[in-house]
Amino acid sequence: MSYERENIHRMAGYQWGEQPQDRTTIKLNTNENPYPPSAQVQQALRSFDTAVLRTYPQPTADPLRERLAELHGVARDNLVVTHGGDEGLRLAMTTFVDPGTAFGMADPSYSLYPVLAEVQDARIVTVPLDGDWQPPADFAARLNAAGARLACVVNPHAPSGTLLPAARIAAWAAEFEGVLLVDEAYADFVSPDAHYDLAPLIGAHPNLLVLRTFSKGYSLAGLRLGYLMGDAALIDPLLRKTRDSYNIDAISQALGEAAIDDRAYAADTWARVRAARASLVAGLRGLGLSSPESQTNFVLAQVPTGANMDAAALYHALKQRGILVRYFDAPRLRDRLRITVGTPEQNQALLDALAALLGTGA
Ligand SMILES: *Cc1c(COP(=O)(O)O)cnc(C)c1O
């Protein structure tokens, strides 16, 4: 017999991307920033006084919240800091979705969403994306018809990398009767020319939550730090009720503050990633691999049908050569590889390996 709740027993759990612990693998599979965190983060860690760890940390990470509120032009009450963006997703699920009621998502998108919905024993409503990886025009209407209490949308989208304009999000927020969570895990990499910013919408939409993370943009995936922004009434139950009582440890708070204080360094890595992305896309295209226009730090490359290896075979062959990319054995994704933008040297190594494997040169 099993002691688990029935829905927990039935579910399979999250499938992590591979995380090899050696430093030699060219790791282009889980969308980390290829550059190290700011030197100020290193300095904050070196000078951290462990005597501080004797007492509990500031319960709501207020010095960090204040910095983030200032950065986005919102009030402190519009913001809760979370243990990675993933905790923010879990808090939204447990706070806004009754077991047995509906949770909505576009498909394909982040594979953690259905896992969290299964833990909550919610009914999962998936709305298929169209040929351009965009939700259909009647997205909000379909979510309403299904009675969804919460819906998650990734923007820019994962795994395609495409960006929806803020006006589309605003229209859905206005129409949708539940809580709309926009997962902006990759928003730091969006070109400034796109003028994409949802923070100004928060005051106008009481049901809008915006998720951010330090994992990608600030090169701190190992630290586990993220945050949610939204109307104060939406944030309040997350901050005071459903979150772990001291969810952000003292070291993470100090390092997060240092990362924000040296945001100029992070912004420089974003510009470098954008430049490397353009070269990577051009190189892939030269090998016959096309991809949707990406505003993130990864590209979804399609392997042409006539190639001498399919996407799954390429994934395995690259892995043998010490290069990890992500392959999803799922509808619409089976003929593609999701490739994180690395340093120019890493991207060149990938392109050389692909050229050799596909027999198209080098
Ligand atoms: C990386 C990521 C997150 C958050 O990751 P954390 O490391 O928990 O902050 C959320 N959504 C998507 C789509 C992601 O790729």
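Asn-31 is found in the loop between strand E1 (26-27) and helix H2 (39-46); helices (H or I, at least four residues) and strands (E, at least two) are DSSP runs, numbered from the N terminus. The model is predicted, so local features need pLDDT of at least 70 and side-chain atom pairs pLDDT 80 or more, while totals for chains, interfaces and linings use all residues. Residues are numbered from 1 along each chain as its sequence is written, and side-chain values use heavy atoms, without hydrogens and water.

**Backbone geometry**

- Asn-31 is not a glycine, yet has a positive phi of about 60 degrees.
- Asn-31 has a relative accessible area of 0% and is therefore buried (buried is under 20% relative accessible area, exposed over 50%, partly exposed in between; 1.4 Å probe, protein chains only).
- Trp-133 also has a positive phi, of about 65 degrees, and lies in the loop between strand E4 (123-128) and helix H6 (139-145).
- Because its relative accessibility is 6%, Trp-133 counts as buried.
- The peptide bond joining Asp-107 and Pro-108 is cis, with omega about 0 degrees; Pro-108 is in the loop between strand E3 (102-107) and helix H5 (112-119).
- Another cis bond joins Ala-158 and Pro-159, with omega about 10 degrees, and Pro-159 lies in the loop between strand E5 (148-154) and helix H7 (166-175).
- Most residues other than glycine have a negative phi, and most peptide bonds are trans.

**Ligand site**

- The residues around the ligand (a heavy atom within 4 Å) include Gly-84, Tyr-110, Asp-183, Ala-185, Thr-213 and Arg-224.
- Helix H4 (residues 84-96) gives the most to this shell, with three residues.
- A side-chain N or O atom of Asp-183 is 2.5 Å from a ligand nitrogen.
- Oxygen atoms of the ligand lie 2.5 Å from a polar side-chain atom of Thr-213 and 2.7 Å from a side-chain N or O atom of Arg-224.

**Core and the residues around Gly-226**

- The largest nonpolar core has 117 residues, and Leu-180, Phe-214 and Ile-339 have the most contacts inside it; such a core is a set of buried Ala, Val, Leu, Ile, Met, Phe, Trp, Tyr and Cys residues joined through side-chain atoms within 4.5 Å.
- Gly-226 is in strand E8 (residues 226-230) and is buried because its relative accessibility is 0%.
- Beyond four places in sequence, Gly-226 is in contact (heavy atoms within 4.5 Å) with residues including Gly-84, Gly-85, Thr-213 and Phe-214.
- Gly-226 and Ala-185 are 41 residues apart in sequence and 8.9 Å apart in space, C-alpha to C-alpha.

Key:
A polar contact is a pair of N or O atoms within 3.5 Å; within protein, one must be able to donate a hydrogen and the other to accept it, and residues adjacent in sequence count only if both atoms are side-chain atoms.
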